[in-house]
Amino acid sequence: MIVGSRERFAIEAEPRASDADWIWGGFRFRLREVVFGPFGSATTPAAMTLGWVTRKIAVHTSTMRQGTTLTTDVKIRLAPDASVDNEVFRVDDEGRTPAARLAVVTWTFEGSAVRSAHMMAAECALGTISDRFPECSTYLLAAHSTLQPDTLMVRRRLWKALSARGIPAGGDDLGEAVLPYEGGVRCFGLRRLKEGELAPSLAILEQEAASMLVAIRSEHVDVLKQVVAGGWPVPHRHPGVELLSTIVRAGGIVLWPLGRFDDREAGFIAFSEPNTARVLAGHSMM
């Protein structure tokens, strides 16, 4: 039964067994409570429709069979048009009109260590994508965030350089590129991830801020290979609109970590086209 006003809703129902749990990457997420925050009505312009939802989940802190369990809240927000002012996340258009309309969904945790929040939020995001878009595979787009000296050692490629720093990349290697810039070179690479390989990828995202995760149908992976061949700028608040538009127009979802250092709230953000974002947020709010 739904109770409350138009501005605030609460769902009061005993969850069915099928709704209570889902498992992704060795973690079990348990739905405890769902509370809806303010949402735009049907007459609200789509560009300004905003909202949040909080759900309590039980998170196993170890992917092994024996592990400590804690209960925490994940806050999920939706902005169907991230190009306008909103309370969730606005995309900087860099003075150009994006080739695709971009929407965002965020999964964040408050009061957790940033690294833990990134892991839990990434599990939530990828679990939702896997459930709602099972045809998608997960890929790692990685890149050096700073210019590297154009030496033989640097040109031994991105993955070997990361491995030498103690950050081995998992998954299948789908290609790399070394591109010249004024003052040095930058290396770019693409890998297809397998279940259970999230932690190494998050370590790469933490060390190399130009890196990101992408969920996309395998038949569109050539789009990502073209992105690697051409490179992309070092992001500031988020990946550039040209890169986001290229991937989103191919039906992809770009995943990017939110929060750094000692931020009180941290998690992950997904950039996608609006209908995809609504499906992601709508599934999370069921």
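## Exercise 1: T108 and its surroundings

T108 touches D73, V74, K75, R77, L258, E265, A266 and G267, leaving aside residues up to four places away in sequence; a contact here means heavy atoms within 4.5 Å. This is a predicted model: local features need pLDDT of at least 70, side-chain atom pairs count only at pLDDT 80 or more, and totals for chains, interfaces and linings use all residues. Residues are numbered from 1 along each chain as its sequence is written, and side-chain values use heavy atoms, with hydrogens and water left out.

Task: find the element that holds T108, decide whether T108 is buried or exposed, and find the polar partner of its side chain.

*Step 1.* T108 sits in strand β8. Helices (H or I, at least four residues) and strands (E, at least two) are DSSP runs, numbered from the N terminus.

*Step 2.* The relative accessibility of T108 is 5%, so T108 counts as buried. Buried means under 20% relative accessible area, exposed over 50%, and partly exposed in between (1.4 Å probe, protein chains only).

*Step 3.* The side chain of T108 makes a polar contact of 2.6 Å with the side chain of E265. A polar contact is a pair of N or O atoms within 3.5 Å; within protein, one must be able to donate a hydrogen and the other to accept it, and residues adjacent in sequence count only if both atoms are side-chain atoms.

## Exercise 2: A buried asparagine in a loop

Task: locate N86 and list the backbone atoms that its side chain reaches.

*Step 1.* Look in the loop between β7 (69-79) and β8 (103-110): N86 is there.

*Step 2.* With a relative accessible area of 18%, N86 is buried.

*Step 3.* A polar atom of the N86 side chain lies 2.9 Å from the backbone oxygen of V84. The side chain of N86 also reaches the backbone nitrogen of F89, at 2.7 Å.

## Exercise 3: Aromatic pairs

Task: how many aromatic pairs does the whole structure have, and which geometry does each one show?

*Step 1.* The search finds two aromatic pairs. Rings of Phe, Tyr and Trp (its six-membered ring) pair if their centres lie within 6.5 Å; planes under 30 degrees apart count as stacked, over 60 as edge-to-face and the rest as tilted.

*Step 2.* The ring centres of F89 and F271 are 5.9 Å apart and their planes stand at 80°, so this pair is edge-to-face. Because F89 lies in the loop between β7 and β8 and F271 in strand β14, the pair ties together parts that are 182 residues apart in sequence. Both F89 and F271 are buried.

*Step 3.* F188 and W232 have ring centres 4.8 Å apart and planes at 65°, so this pair is edge-to-face. F188 belongs to strand β11 (residues 184-192), while W232 is in the loop between α5 (221-230) and α6 (241-249), 44 residues apart. F188 is buried at 0% relative accessibility, and W232 is buried at 3%.

*Step 4.* Return to F89: R237 lies over the face of its ring, 4.5 Å from the ring centre. A charge sits over a ring if NZ of Lys or CZ of Arg is within 6 Å of the ring centre and within 35 degrees of the ring normal.
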